[in-house]
Amino acid sequence: MIEARHLRVLRAVAATGSFSAAARELGCTQPAVSQQMKALEASTGTPLLIRTGREMRLTQAGEALVRHATGILAGLTAAEEEIAAIAGLRAGRVRLVSFPSGSSTLVPGALAALRAAHPGTRVSLVEAEPPRSVEMLREGDCDVALAFRYEGRREAPQGKGAGASAGEEWDDLVVRPLLADRLVGLVPEGHRLAGADAVTIGEFADEPWIAGCPRCRRQLVEVCEGAGFVPRIDFATDDYPAVIGLVGAGLGVAVLPELAIESVRPRGARTVTVEPAVRREIVALTLPDLAQVPAVAATLDHLARAATR
C-alpha cells in the first residue's frame with residue numbers, strides 16, 4: 001500500500017535531486033529519507049529511482065508516481081482542511097426531518113440560533129410524521145429526526161412482530177428529550193363547552209370528531225375507548241389548520257397538541273383543557289455515531305434550547 005508520507009518524500013527527492021537535499025527540505029535525516037524510499041519501492045514492487053553518484057534520476061515508474069502524487073497530496077490536503085472545518089463547525093451539513101407542528105414551532109428558532117452561532121453549517125429540512133421519520137433516520141436519509149410518541153405507548157419497530165416488548169422503538173437511537181406536549185380540546189366558539197375551565201373526554205362522547213394524523217387518530221380512539229365510547233370521526237386530515245378550520249366552522253370537535261394550536265390561529269374555535277391529561281413526548285433522535293458529529297450535536301443542542309423557550 002502506498003502511503004502519503006512516502007509520496008511526500010518521493011516528491012521532495014524528485015524536486016531536489018538527492019536524499020540529503022530532500023532531508024533538509026523535509027526537516028529529517030538522510031537515512032530516514034533513504035528508508036522511506038526503500039519502503040515505497042517495496043510497496044510498488046519496482047524501482048523508482050536510479051542512483052548515479054550523488055544524483056538521483058526518476059525511472060519511468062517514478063515519473064508516473066510523482067505525476068500522480070501531486071494530485072493525490074493536494075486532494076489529501078483539501079480533505080484534511082475540510083474535515084478540520086467540519087470538526088470546528090466552520091462547515092458541515094445536517095439533514096433534519098420533522099413533523100409539521102414541530103417544523104412551525106421548534107425548528108425555526110433552533111435553526112436561526114444555529115446559523116447565528118455557526119454560519120458555515122447548513123441544515124436542510126423535510127417533513128415526515130413518525131414512524132416514517134424514524135425509518136428515514138435508520139435508512140440514512142436524514143441525520144436528525146424530530147419525532148413524538150404518546151406517553152405510556154411504546155410501539156415495536158417494524159419487522160419485530162407482535163411479540164416485541166414495549167420500549168424497543170428507539171432503543172438503538174440517541175434520544176434527546178425536548179418537551180411534553182399536552183393535548184387540548186378544540187370546540188366551536190358557540191359550543192356548550194366553549195367556556196368550561198376543564199372537561200373530561202367523556203363529555204365529547206356524542207360529538208362528531210375531526211381527527212388528525214394516523215398516529216394521533218389511533219391515540220384518540222384509544223383514549224375515547226378508555227372513557228367508554230367510540231368516537232364518531234366525520235373528518236380526518238393530517239393538516240392541522242384544516243382541523244382547526246373544520247372545528248371553527250362548527251363541523252365537530254377535536255383534540256390537538258398544544259404545539260399545533262401554537263402554530264395556527266384558531267379562528268372560530270376555542271381551546272379547553274381536557275382531563276385526564278394526555279401528553280405526547282417530543283424528542284430529537286439521531287444515530288449513536290452521528291451524535292459525535294459536531295454539526296449534529298450542535299443541532300440537537302439548539303433544538304433542546306428552543307424547546308425551553
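A salt bridge is a side-chain nitrogen of Lys or Arg within 4 Å of a carboxyl oxygen of Asp or Glu. Keep that in mind as you explore this predicted model, where a search of the whole structure finds 15 salt bridges. We will visit a few of them and then turn to the nonpolar cores.

**A salt bridge between a helix and a strand**
- Glu41 and Arg51 join their side chains in a salt bridge, with 3.7 Å from N to O.
- Glu41 sits in helix H3 (residues 30-44) and Arg51 in strand S1 (residues 49-52), 10 residues apart.
- Glu41 is buried because its relative accessible area is 16%, under the 20% cut-off.
- Arg51, at 42% relative accessibility, counts as partly exposed.

- Arg149 forms a salt bridge with Glu169 (4.0 Å, N to O), and both residues are buried.
- Arg149 also meets Glu281 in a salt bridge (3.3 Å, N to O).
- Glu281 lies in strand S12 (residues 279-286) and Arg149 in strand S5, so this pair ties together parts that are 132 residues apart in sequence.
- Through shared partners, salt bridges join Arg149, Glu169, Arg215 and Glu281 into one network.

- In soluble globular proteins, nonpolar side chains tend to be buried together.
- The largest nonpolar core here has 56 residues, and Leu178, Phe204 and Trp209 have the most contacts inside it.
- Helix H10 (residues 294-307) gives the most to this core, with 8 residues.
- Apart from this core lies another, of 18 residues, including Val9, Val33, Leu48 and Leu65.
- Beyond its neighbours within four places in sequence, Leu178 is in contact with residues including Leu106, Leu146, Ile282 and Leu303.

Definitions and conventions:
Residues numbered from 1 in each chain as written. Predicted model: local features only at pLDDT ≥ 70, side-chain atom pairs only at ≥ 80, totals over all residues. Heavy atoms only, no water. Core = buried A, V, L, I, M, F, W, Y, C linked by side-chain atoms within 4.5 Å. Buried < 20%, exposed > 50% of the residue type's maximum accessible area, 1.4 Å probe, protein only. Helix = DSSP H or I, 4+ residues; strand = E, 2+ residues; numbered from the N terminus. Contact = heavy atoms within 4.5 Å.
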